[in-house]
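Subject: Handover of a protein structure

Dear colleague,

Please find below the structure that I am handing over to you. I would be grateful if you read the notes after it with the model open beside you.

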Amino acid sequence: MTSQFQSYDFSKNSRIIIQNSKSSVLEITADKTADPKIIEKISWNFKKPYNVNWCEAEQFNNLLNEFFENDQSTAENIQNIGDEIEISTFINEIDNSDDILKSHDDAPIIKLFNLILREAISKKASDIHLQVFEDTLNIKFRIHGSIENAFTLNSGISARLFTRIKIISGLDITEKRKPQDGRVTINIGSYPIDLRISTIPSYDNERIVLRLLDQRHIELDLSSLGMLDVQLDEFKSLLDQKSGIILVTGPTGSGKTTTLYAAIERIKKKNINIMTIEDPIEYKIEGISQTQVNPKINLSFADGLRSILRQDPDVILVGEIRDEETADIALRASLTGHLVLSTLHTNSPLGAFDRLNELGVDKKMLTSSILCIVGQSLERNFNQDGRTAVFEMISMSQKLQEAVSQSTEEHVLRKNLSDDHLTLTQALAIKKENKDIF
């Protein structure tokens, strides 16, 4: 029997991958620490000679995950997933039978949850939405910024599936009346995937959203984000400033945090102190100090920002400006020798001025502190990763400063942008013309 030599567990433990078993000669990749006797045993069982490509441990780990992740028929990409099975087949089986609803054996629920995760990860989904509506459980994925229907199940399965999710994320399984937040890390081979879980009560049940944070697929390089050349040059020059605030705006899932992290990756090459306050910490960046907001101990964005300012920072990343206090501290910090980077939820980049004004920031502080407002959206491209960002950049010119000092209304400010300003729509048209996006 040769199938035992082609499983994920075998390859992980033996450090040997059979990459091609159908040709007349076995093509094998092996870690330099692998036992040659096992390779001989494989050759004997297949009744074929072999070629071996020996590699270092790190290279082998990358190949291991890539090889089994690309095998769509294998559910062993996520450890302890159980028997190999396609998710669509499994869902059909449990949906057409009430056994799983009556049984006290949680194995099918564990398998179902793992398969949903595997499917979401393989499709590069950023979020999984689970919501009960009448007699159905709707499962949706956010992919490339858009929510897409994934599966529809019998609602009777939701209670135990939700319980499973709560158990692994350390939430109270008896609490269904108020929102809860949790987190857990799962492993795909040697790579960790962070899950952030949020529950909220709905009319007659609960709603759960899981955010998937997969650092393997993040390219923290400014030049790979999708900025046009003129925008990239302008953004790089702004990151060289010693003080001021740069704000990134855009819809959920548009890549705002990725843009900020790419900016930090560029800045951190300098010999300076970079600190962050985030909720959550989506990616760990070597060489900088990252702090997680924690409401349970009353550590808010504002509290964390105050503490950071006592740590002699040069650059501060604030995950999001959500309230008046955080806005005030962040903008004041940007006026006192700190470069501040943050995100803001607005409908358009110009809307950031009005939003901050609503949060109590006076017009004089806006004109003095803001270096640039970046707006971005995510669009489908022709590459394998399937998406790229489109940007609009609004730098604070003298003309715009004078306009902001009089009014923060968007229609007024738009008339005072420079003649060569590229709107999001214009940048989108250029990228379409260049065949960068659909």
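The notes below go from the whole chain to its sheets, a helix, aromatic pairs and single residues.

This is a predicted model, in which local features need pLDDT of at least 70, side-chain atom pairs count only at pLDDT 80 or more, and totals for chains, interfaces and linings use all residues. Residues are numbered from 1 along each chain as its sequence is written, and side-chain values use heavy atoms, with hydrogens and water left out.

The chain as a whole

The protein chain contains 16 helices and 16 strands; these are DSSP runs numbered from the N terminus, with helices being H or I of at least four residues and strands being E of at least two. Of its 438 residues, 47% are buried. Buried means under 20% relative accessible area, exposed means over 50%, and partly exposed lies in between, with a 1.4 Å probe and protein chains only. The chain exposes about 21,900 Å², and carbon and sulfur atoms supply 46% of that area. Accessible areas come from the Shrake-Rupley method with a 1.4 Å probe, and for residues only the protein chains shown count as cover. Among contacts (heavy atoms within 4.5 Å) between residues at least 6 apart in sequence, 58% join residues at least 24 apart.

The sheet of three strands

An open sheet of three strands has the order β1-β2-β3 and mixed pairing; two strands pair if DSSP finds at least two bridges between them. Strands β1 (16-20) and β3 (50-55) are at the edges with a single partner strand each, so one side of each has no neighbour in the sheet. On average, neighbouring strands here are turned by 25° against each other, direction ignored. Four bridges link β1 to β2 (residues 26-31) in the antiparallel sense, and I17 is opposite T29 in β2. Helix α2 (residues 36-46) lies across β1, β2 and β3 and runs at about 160° to β2. For such angles, axes are lines fitted to C-alpha atoms, for helices over the stretch in contact, and values run from 0 to 180 degrees between N-to-C directions.

The sheet of seven strands

Another open sheet has seven strands in the order β12-β11-β13-β14-β10-β15-β16, again with mixed pairing. Its edge strands, β12 (289-292) and β16 (387-395), each pair on one side only. The twist from one strand to the next averages 20°. Strand β15 (residues 370-380) and β16 run antiparallel and are joined by nine bridges; L378 is opposite A389 in β16. Helix α11 (residues 324-334) packs on the sheet, where it touches β10, β13 (315-318) and β14, and its direction makes about 135° with that of β10. Helix α8 (residues 229-239) lies across β10 (244-249), β14 (339-344), β15 and β16, at about 60° to β16.

Within β15 is G375, which counts as buried at 2% relative accessibility. G375 and V248 are 127 residues apart in sequence, yet their C-alpha atoms are 5.9 Å apart in space. Leaving aside residues up to four places away in sequence, G375 touches T249, P349, V390, F391, E392 and L424.

A covered helix

Helix α9 (residues 256-267) has twelve residues and spans 17 Å from first C-alpha to last, close to the expected 16 Å at 1.5 Å a residue. The expected span is 1.5 Å times one less than the number of residues. Nine of the twelve residues of α9 are buried, including K256, Y261 and I267.

Aromatic pairs

The whole structure holds three aromatic pairs. Rings of Phe, Tyr and Trp (its six-membered ring) pair if their centres lie within 6.5 Å; planes under 30 degrees apart count as stacked, over 60 as edge-to-face and the rest as tilted. One of the pairs is F5 with F10, edge-to-face at 5.3 Å centre to centre and 80° between the planes; both residues are buried. The rings of F141 and F151 have centres 6.4 Å apart and planes at 80°, so this pair is edge-to-face too. F141 is in strand β5 (residues 136-143) and F151 in strand β6 (residues 146-154), and both are buried.

Backbone features

Most residues other than glycine have a negative phi, and most peptide bonds are trans. R15, in the loop between α1 (8-14) and β1, has a positive phi near 65° and is buried at 17% relative accessibility. E134, in the loop between β4 (127-133) and β5, has a positive phi of about 55° and is exposed, with a relative accessible area of 60%. The peptide bond from D279 to P280 is cis, with omega near 0°, and P280 is in the loop between β11 (274-278) and β12.

With kind regards
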